[in-house]
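Here are my notes on the model, point by point. Have a look at it first, then read on.

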Amino acid sequence: MTLLKVEHLSKSFKALNVLKDVSLEVREGERHVVIGPNGAGKTTLFNCITGTLPINQGTVTVNNTQISGLPAYTAVGVGMSRTFQKNNLFGSLTVEENLHLAINACKPYRFNFFKPINKFTDVLEETEHLLKEWNLWDRRDRVVNELSYGEQRLLEVLLALASKPKILLLDEPTSGMSPAETIQTTKLIQSMPRSITLLVIEHDMEVVFSIADRITVLHHGEVFLSGAPEEIKGDERVKEIYFGGGTLKHA
Ligand SMILES: Nc1ncnc2c1ncn2[C@@H]1O[C@H](COP(=O)(O)OP(=O)(O)OP(=O)(O)O)[C@@H](O)[C@H]1O
């Protein structure tokens, strides 16, 4: 079943046409990776899908509910969550406190300012569960600013999971990470349950080919090709536009 459908989406910044008639389908449970050279429009596509940016033309639907043209919180309401290329963390708070806030933000009582967050037992339980599940429990008391960059990015993924998304958009989850952190993050992505559908922007081809069920190549704001990893890997035109004629590395 198709979970996310993007149809004929176009986006311009004044005279700059960044996305041109982009159509994309992500099936339930799929790991769909968007690749393309710098400036191809990948992050803009994420911003348009999630409603962070208004679109000029086209539609975005999740589970047959149209979310394009609606405020960004609508995307959250249909089960969409995302991470950004740059971290959006509270640096002076601990790992645990950041998660408390993210989990609390998804609760109906989130505007109850008269009771401290750490008195809501469901928030505490969900925080503990997520931290243990993703091996950050021993770092729960660490102030975020003291974590390595890779640990911060990992925490960002956990915050995105706090809303229990049906579809999670990860924007370059391994960018800026050390090789060890990249391996850890790749394993985390691989171990996510199939009840979470993934749409991922990624540059590291080792990561791309170790997680993708399907790959869409974006080039100059257009879908150049969409297909199974083997199809993309073997396509000479993709190598030419994305790698300047180089060979594809793979896991
Ligand atoms: N808010 C904006 N205003 C004007 N131009 C923008 C804006 N955001 C992005 N652009 C332009 O849109 C084009 C696509 O940018 P985008 O960040 O979507 O590309 P990308 O494929 O994600 O690149 P990268 O891989 O380097 O992150 C670029 O030319 C960029 O300068």
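**Notes on the predicted model**

1. For the burial labels, C-beta atoms are placed from the backbone, and a residue is buried if 20 or more other C-beta atoms lie within 10 Å of its own, exposed if 12 or fewer, and partly exposed in between. H220 sits in the loop between β9 (214–219) and β10 (222–227), and its phi is near 50°, a positive value in a residue other than glycine.

2. Some housekeeping before going further. This is a predicted model, where local features need pLDDT of at least 70, side-chain atom pairs count only at pLDDT 80 or more, and totals for chains, interfaces and linings use all residues. Residues are numbered from 1 along each chain as its sequence is written. Helices (H or I, at least four residues) and strands (E, at least two) are DSSP runs, numbered from the N terminus.

3. Back to that turn: β9 and β10 form a hairpin with 2 residues between them. The two strands run antiparallel and are joined by 5 bridges; one of the pairs is H219 with E222 in β10. Strands count as paired if DSSP finds at least two bridges between them.

4. What does β9 pair with in parallel? Strand β3 (residues 31–35), through 4 bridges. V34 has T216 of β9 as its bridge partner, and H32 stands opposite R214 in β9. β9 is largely enclosed by the rest of the structure, because 5 of its 6 residues are buried.

5. Zooming out, these strands belong to an open sheet of 6 strands with mixed pairing, in the order β6-β7-β8-β3-β9-β10. β6 and β10 stand at the edges with a single partner strand each, so one side of each has no neighbour in the sheet. On average, neighbouring strands of this sheet are turned by 20° against each other, direction ignored (axes are lines fitted to C-alpha atoms, for helices over the stretch in contact, and angles run from 0 to 180 degrees between N-to-C directions).

6. H8 lies in strand β1 (residues 2–13), and it counts as exposed because it has 12 C-beta neighbours inside 10 Å.

7. Now the ligand. Around it are F13, L16, V18, G36, N38, G39, A40, G41, K42, T43 and T44. β2 (16–27) and α1 (42–49) each supply at least two residues of this shell, and α1 gives the largest share, 3 residues. By type, the shell divides into 4 nonpolar, 6 polar and 1 charged. Here Ala, Val, Leu, Ile, Met, Phe, Trp, Tyr, Cys and Pro count as nonpolar, Asp, Glu, Lys and Arg as charged, and the others, Gly among them, as polar.

8. Last, α5 (residues 149–161). This helix has 13 residues and reaches 19 Å from its first C-alpha to its last, close to the 18 Å expected (1.5 Å times one less than its number of residues). Its buried residues include R153, L154, L155 and E156. Among the elements covering the buried residues of α5 are β6 (80–82), α3 (95–104) and α6 (179–191), where contact puts C-beta atoms, placed from the backbone, within 7 Å.

Conventions: Near = placed C-beta within 6 Å. Contact = placed C-beta atoms within 7 Å.
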